[in-house]
Amino acid sequence: KNYRPFGNGLPLFFHMANNLLNSKLISKVVIDTDSPIIKEACKEKFPSILLIDRPKSLSDENCSMNEILLYDVNKVESKFYLQTHSTNPLLSLNTIDKSLEFFINNYPSFDSLFSVTKKKVRYWDEMARPINHNPNILMRTQDLPPIYEENSCIYIFERNNLIRNQNRIGKRPFLFELDSIEAIDIDEEKDFQLAENFFKLQK
């Protein structure tokens with residue numbers, strides 16, 4: 001799906017690559033991949049992007065993203081990193097820059113940042129126990145205290161914290177709120193169709 005034509009016919013990953021390359025706050029764009037198709041497309045269209053060959057040991061679908069990031073930061077040294085995915089094609093350059101500006105201006109009060117989507121709905125666990133509400137007090141959903149979904153669009157973290165804690169989310173993270181449409185993550189076919197429809201509407 002990463003190189004499937006999306007929206008205007010460009011491969012899906014081109015949309016995120018262009019946003020990152022156009023950010024004045026990002027000094028180097030890196031793609032970690034084991035795909036020969038993505039590597040060839042990058043060499044042709046994005047020669048300034050640094051490619052990292054993902055080893056077979058990190059290519060298993062059950063491999064933790066923190067393990068991949070630990071590998072990457074040892075290949076490309078920096079104090080701070082922003083991680084995102086090609087499967088978030090509605091994530092805008094403006095939002096990327098705003099998240100970076102906020103983090104830079106508020107570090108070290110916050111040692112990391114990750115994007116979230118605010119939800120005001122009643123959640124239950126698999127044992128039918130309420131998570132964020134009291135069923136005996138039937139509040140309107142709009143009056144419920146918000147609960148936040150980690151939407152996998154943006155992670156900003158410090159190299160030393162990642163190595164020390166083995167986690168991209170630090171001890172003092174900031175929850176950076178995104179609109180639910182901008183935060184659409186393509187996992188299944190229905191997500192692809194939904195994101196593409198919103199992309200075309202925006203254009």
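## A charged pair at Arg-129 and Asp-125

Arg-129 is partly exposed, since its relative accessible area is 47%, where partly exposed covers the range between buried, under 20% relative accessible area, and exposed, over 50% (with a 1.4 Å probe and protein chains only). The side chain of Arg-129 meets that of Asp-125 in a salt bridge, at 2.7 Å from N to O; the term stands for a side-chain nitrogen of Lys or Arg within 4 Å of a carboxyl oxygen of Asp or Glu. Asp-125 counts as partly exposed as well, because its relative accessibility is 21%.

This is a predicted model, in which local features need pLDDT of at least 70 and side-chain atom pairs count only at pLDDT 80 or more, while totals for chains, interfaces and linings use all residues. Residues are numbered from 1 along each chain as its sequence is written, and side-chain values use heavy atoms, with hydrogens and water left out.

## Other salt bridges

A search of the whole structure finds nine salt bridges. One of them is formed by the side chains of Lys-1 and Asp-187, at 4.0 Å from N to O. Lys-1 lies in the segment before strand 1, and Asp-187 lies in the loop between strand 8 (173-177) and helix 6, so this pair ties together parts that are 186 residues apart in sequence. With a relative accessibility of 45%, Lys-1 counts as partly exposed, whereas Asp-187, at 54%, counts as exposed.

Another salt bridge joins the side chains of Glu-149 and Lys-119, at 3.4 Å from N to O. This pair links distant parts of the chain, with Glu-149 in strand 7 (residues 147-158) and Lys-119 in strand 6 (residues 112-119), 30 residues apart. Glu-149 is partly exposed, with a relative accessible area of 38%, and Lys-119 is partly exposed at 24%.

## Aromatic rings

The structure holds 13 aromatic pairs, a pair being two rings of Phe, Tyr or Trp (its six-membered ring) whose centres lie within 6.5 Å, with planes under 30 degrees apart counted as stacked, over 60 as edge-to-face and the rest as tilted. Among them is the edge-to-face pair of Phe-6 and Phe-199, with 5.3 Å from centre to centre and 65 degrees between the planes. It links distant parts of the chain, since Phe-6 belongs to strand 1 (residues 5-6) and Phe-199 to helix 6 (residues 189-202), 193 residues apart. Both Phe-6 and Phe-199 are buried.

Phe-80 and Phe-103 have ring centres 5.3 Å apart and planes at 85 degrees, so their pair is edge-to-face. Here too distant parts of the chain are linked, with Phe-80 in strand 5 (residues 80-83) and Phe-103 in helix 4 (residues 93-106), 23 residues apart. Phe-80 counts as partly exposed at 29% relative accessibility, whereas Phe-103 is buried, with a relative accessible area of 2%.

Phe-6, Phe-192 and Phe-199 form one aromatic cluster. The charged end of Arg-4 sits over the ring of Phe-192, 3.8 Å from its centre, where sitting over a ring requires NZ of Lys or CZ of Arg within 6 Å of the ring centre and within 35 degrees of the ring normal. Arg-168 lies over the face of Tyr-155, at 3.5 Å from the ring centre.

Helix 1 (residues 12-21) is mostly covered, with eight of its ten residues buried; including, for instance, Leu-12, Phe-13, His-15 and Asn-19. Lys-24, by contrast, is found in the loop between helix 1 and strand 3 (30-33), and at 84% relative accessibility Lys-24 counts as exposed.

## The second largest pocket

The second largest pocket holds about 180 Å³ of space. A pocket is an open set of points on a 1 Å grid over the protein atoms alone, where a 1.4 Å probe fits, with protein on both sides within 12 Å along at least five of seven lines, and its lining residues have an atom within 4 Å of a point. Of the 13 residues that line this pocket, the closest to its centre are Glu-149, Ser-180, Ala-183, Ile-184 and Asp-185. Strand 6, strand 7 and helix 6 each supply at least two lining residues, and strand 7 gives the most, with four.

Terms used:
Points joined across faces, edges and corners; volume = space filled by probe spheres on them.
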